[in-house]
Amino acid sequence: MQGANTKIVLCRNQTIKSKPKMHSKLHLLVLSVGLLIFLPALAPTTQGQFTERQAVIGEQRTIVILVELKDVPQFREKEYFKDLIFNRVSDYYRQVSNNLTWISGDVVGWYPINRTLQEIVDARSGDLFKFLKAFATEAVMLADRDADFSKYNKFVIIHSARRAVSGNTSYTLYGPDIPTNDGIKIDRIQIGASDDSFIVTVHEFGHNLGGLVDLYDARLFRERRYSSVFVGPWDVMSNDNRYKTPTFFAWNRIRLGWIPDSRIKDIKPGETAQVNLTAINIGTQGIQAIRVRTSPFTYYLAEVRLKRGLDSTLPSEGMIVTYINETVPFGRGPARVMDANPATATLDDAAFSISGNTIYVDAQNDISFVVTKTSAISYLVSATTAQRGALAQKAHDSIRSVNQSIAERKSDQDMLTVLKEATAEYEKGNFEGSLAAIGKVDPPSSQEQQLPQIVIFAQLALLLVILPVVYLGLRRKSATKEG
Ligand SMILES: [Ca+2]
Ligand SMILES: [Ca+2]
């Protein structure tokens with residue numbers, strides 16, 4: 001297998017119920033999309049596998065070949081697939097790429113193919129690539145007499161069966177090398193079922209258009225467990241569609257050529273830069289990613305994702321920090337989203353924001369990312385050293401504490417002034433200045449703030465004890481007098 005140029009990307013769509021012992025919030029979750037990647041040629045390597053970029057720019061000329069299996073009559077008209085791919089999926093890619101790419105082309109067929117549904121199902125337990133290559137070659141041959149394949153650069157086959165009965169699987173074949181009579185060979189082709197959902201089709205086009213890889217844990221997926229453990233809901237190449245169809249995170253947008261180097265701020269570990277980071281899903285202005293390389297094949301990407309447009313159904317919003325290790329094979333987590341809230345297993349709350357966890361620190365690599373200020377479409381982020389990240393945390397905690405004590409005391413002019421100053425310095429990334437400002441006042445510690453309540457409680461308790469004693473004492477005294 002090693003050294004072969006063939007690759008298979010498999011994308012499954014299954015209904016999976018995670019086992020109850022899984023993450024508490026996830027165990028009831030029904031995933032309608034699960035995705036599996038299978039790479040016969042790929043073993044773990046010491047080199048980056050993702051350095052080669054395939055920019056996906058402009059019109060994607062696509063031919064969709066409909067093939068009718070011997071035992072499954074087709075049930076959908078060509079028009080359905082034209083609408084799905086050239087309107088809906090194309091619109092998605094147009095929107096997510098900011099008009100950089102779209103899908104157009106033709107649907108041909110239905111061609112009767114000399115294959116059965118059972119063969120598709122059985123192929124999964126045999127030499128799958130061999131079967132799929134033969135299947136695709138036959139489909140291309142059937143269409144070849146009508147179609148001029150040289151007019152297209154993207155190729156799709158859809159068979160007549162439903163995905164639930166055909167193994168819940170869609171495929172994108174890499175390297176099948178299928179000949180045509182139009183002077184071109186097809187080196188990548190997508191094979192789907194007649195009722196593949198929108199998200200599956202979008203995901204599959206991610207493989208087909210840009211050579212993107214699946215981002216879930218392949219082992220967990222095979223075990224039919226919740227597998228979106230590396231990226232959660234933050235990219236459509238993960239297999240988490242609880243939040244409808246998310247867009248792409250920075251890594252994939254950069255790979256697709258949608259974010260040029262001019263919109264990426266590169267800094268080295270140990271350096272500090274204050275970056276106004278425009279949300280990656282909003283427009284094409286400003287800096288949209290911070291990249292910090294830790295070795296030739298490892299780096300961090302920080303980006304801002306806001307609940308807007310296609311991302312409006314995301315579970316949270318904020319700064320997303322991703323660690324890329326290009327030496328890790330896909331299916332094992334070459335890209336991992338860092339969790340702003342590691343106390344919960346889910347990555348739904350992985351976004352760093354000013355109101356929640358605001359600072360990511362990697363002490364080992366001397367890197368931290370600090371959200372210092374947010375606005376409607378951008379975040380002010382300080383990319384800095386681990387030490388300054390710790391300082392930022394201290395300043396952030398102090399500001400929060402002052403804020404709290406002001407709220408408790410209703411109003412305190414001195415402290416309000418201090419708070420304003422400390423916050424302004426913090427926003428500039430001057431964490432020392434922020435702490436120095438706070439040092440001018442003596443914000444009560446949380447213990448001290450609790451004290452008055454304890455005192456009041458103690459006083460009340462004392463009163464409850466003393467009052468009856470005094471009352472009884474008085475009564476006795478008056479009784480003695482009477483006696
Ligand atoms: Ca032809
Ligand atoms: Ca979490």
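Below is a tour of the fold, from the overall picture down to single residues.

**Before you click**

This is a predicted model, in which local features need pLDDT of at least 70 and side-chain atom pairs count only at pLDDT 80 or more, while totals for chains, interfaces and linings use all residues. Residues are numbered from 1 along each chain as its sequence is written, and chains are lettered from A and ligands numbered from 1 in the order in which they are written.

Start by colouring by pLDDT, the predictor's confidence in each residue, from 0 to 100. The protein averages 85, and 83% of its residues reach 70 or more. Now select residues 1-7: pLDDT is below 50 here, and the stretch has 18 contacts in the model beyond near neighbours in sequence. Contact means that the C-beta atoms of two residues, placed from the backbone, lie within 7 Å. Then try residues 445-451, where pLDDT also stays under 50 and the model has 3 contacts beyond four places in sequence.

**The whole chain**

Zoom out. Of the 483 residues, 44% count as buried. Buried means 20 or more other C-beta atoms within 10 Å of the residue's own, exposed means 12 or fewer, and partly exposed is in between, with C-beta atoms placed from the backbone. Among contacts with a separation of 6 or more, 67% are between residues 24 or more positions apart.

**Stop 1: the sheet of 4 strands**

Select β11, β18, β17 and β16, which in that order form an open sheet with antiparallel pairing. Two strands pair if DSSP finds at least two bridges between them. At the edges are β11 (273-278) and β16 (359-362); each has a single partner strand, so one side of each is left without a neighbour in the sheet. From one strand to the next, the twist averages 20°.

Zoom in on β17 (residues 367-374) and β18 (residues 378-384), antiparallel strands joined by 6 bridges. Thr374 stands opposite Tyr379 in β18.

**Stop 2: the helix across it**

Now show α9 (residues 431-439): its axis and that of α7 come within 9 Å and cross at roughly 35°. Which residues of α7 and α9 make the contact? On α7, pick Arg388, Leu391, Ala392, Lys394, Ala395, Ser398, Ile399 and Val402; on α9, pick Phe431, Glu432, Ser434, Leu435 and Ile438.

**Stop 3: the sheet of 5 strands**

Next, select β10, β12, β13, β14 and β15, an open sheet in that order with mixed pairing. Its edge strands are β10 (264-267) and β15 (335-337), each with a single partner, so one side of each has no neighbour in the sheet. Neighbouring strands are turned by 25° against each other on average, direction ignored. Inside the sheet, 5 bridges join the antiparallel strands β12 (residues 289-295) and β13 (residues 298-305). For one bridge, find Ser295 and its partner in β13, Thr298.

**Stop 4: single residues**

- Asn252 sits in helix α6 (residues 250-255). Is Asn252 buried or exposed? Asn252 is buried, with 22 other C-beta atoms within 10 Å. Leaving aside neighbours within four places in sequence, Asn252 is in contact with Leu212, Asp235 and Met237.
- Gly183 is in the loop between β8 (169-179) and β9 (185-192), and counts as exposed because it has 9 C-beta neighbours inside 10 Å.
- Asn98 has a positive phi of about 55° although it is not a glycine; look for Asn98 in the loop between α1 (78-96) and β6.
- Asp177 also has a positive phi of about 55°, this time in strand β8.

Definitions and conventions:
Helices (H or I, at least four residues) and strands (E, at least two) are DSSP runs, numbered from the N terminus. Axes are lines fitted to C-alpha atoms, for helices over the stretch in contact, and angles run from 0 to 180 degrees between N-to-C directions.
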